[in-house]
Amino acid sequence: MFTADNALHPSSHSPVDLVPSRYALRVGEIEAMVVSDGVLPLPTATMATNVDSADLAGWLDHMFMPPDAFDWPLNVMVARSGNQTILIDAGLGGQFPGFPRAGQFPQRLESAGIALESVTDVIITHMHMDHVGGLLVDEVKQRLRPDVRIHVSAPEVEFWTSPDFSHTVMPKPVPAVLRTTATSFYNEYRDRLQIFEDTHEVAPGVIVRVTGGHTPGHSVVDLVSGGERLTFAGDAMFPVGFDHPDWHNGFEHDPEESVRVRVGLFQELAQNGGLLVAAHLPFPSLGRVAVDGNAFRWVPVIWDY
């Protein structure tokens with residue numbers, strides 16, 4: 001389904017998509033694709049809230065990044081295992097006008113020849129608006145099959161009944177939109193939610209597990225097949241996290257636990273050699289992790305086309 005013939009060469013009736021916005025690969029017998037939902041412009045201060053501003057400025061300069069604002073990539077995934085097609089996170093949608101360059105995944109799926117009607121399952125890593133908002137777009141709601149299964153963890157659903165933002169450092173308008181989007185998502189899909197407690201196999205070799213940290217029910221997704229593996233880590237890590245895994249991100253609801261989760265996942269990936277994709281690493285966000293002294297090193301894969 002996600003082969004070069006139809007994923008990388010859209011049909012003549014598909015919308016023109018000149019920007020490289022999808023990347024197909026195989027994990028054993030599982031077909032997978034990373035899809036860019038666009039970018040979110042954010043103040044750089046959200047990247048590290050527990051360090052001196054000079055330290056952050058030094059890292060930004062070292063990485064050739066602007067000092068005040070940056071474009072935060074936003075990626076989702078699609079996987080096919082057996083007769084199931086699984087969407088992993090759903091991007092931003094149109095919930096927040098301050099992020100006009102995101103919300104692209106529906107048309108980019110179409111450009112790849114993947115119909116929304118073919119999606120049998122959706123895994124939500126957590127209920128922030130840039131991960132569930134895409135499911136609230138009218139064209140998506142109208143095209144998803146009525147029996148689609150949406151998998152989200154019990155602690156995540158519980159958290160958003162009365163969310164705590166006391167440890168976050170977000171742009172002022174964002175928390176209110178996060179609340180309303182999470183509520184809208186739950187109200188829209190409550191009858192189709194498949195709520196799990198800890199670890200749940202959605203399809204053969206497609207396993208979602210709760211990590212907590214970023215949000216209390218934050219989860220990651222492992223694709224495991226034929227001796228190969230890939231972990232979609234949601235918001236467990238960001239670009240600065242490899243060099244400074246102890247730096248807190250302003251969108252983390254439990255920063256200290258987020259550090260523990262981040263370091264644990266980095267260590268796990270360094271040990272098992274599996275591929276890593278994360279929601280906010282630069283597209284196509286595909287690489288491996290190595291230990292580098294007291295920190296970690298990101299090793300991007302060579303683009304295969």
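Reply: Happy to! Let's begin with a rule: the radius of gyration is taken over C-alpha atoms, and for a globule it is 2.2 Å times the number of residues to the power 0.38. Keep in mind that this is a predicted model.

Me: How do you know that the protein agrees with a compact globule?

Reply: With 305 residues, the rule gives a radius of gyration near 19 Å; the protein has 18 Å, so the two agree. Along its principal axes, the C-alpha trace spans about 50 × 40 × 35 Å.

Me: What share of the residues count as buried?

Reply: A residue is buried when its relative accessible area is under 20%. Of the 305 residues, 55% count as buried.

Me: What makes a set of residues a nonpolar core?

Reply: Its members are buried residues of kinds such as Leu, Ile, Met and Phe, joined through side-chain atoms within 4.5 Å. The largest such core here has 55 residues, and Ile-124, Met-127, Leu-135, Ile-150 and Phe-185 touch the most other members. Its largest share, six residues, comes from α7. A second, separate core of 24 residues includes Leu-25 and Val-221.

Me: Which residues is Phe-185 in contact with, leaving aside its neighbours within four places in sequence?

Reply: Contact means heavy atoms within 4.5 Å. On that basis, the partners of Phe-185 include Ile-124, Met-127, Val-132 and Leu-193.

Me: And how many helices and strands are there?

Reply: The protein has eight helices and 14 strands.

Note on methods. Residues are numbered from 1 along each chain as its sequence is written. This is a predicted model: local features need pLDDT of at least 70, side-chain atom pairs count only at pLDDT 80 or more; totals for chains, interfaces and linings use all residues. Side-chain values use heavy atoms; hydrogens and water are left out. Helices (H or I, at least four residues) and strands (E, at least two) are DSSP runs, numbered from the N terminus. Buried means under 20% relative accessible area, exposed over 50%, partly exposed in between (1.4 Å probe, protein chains only).
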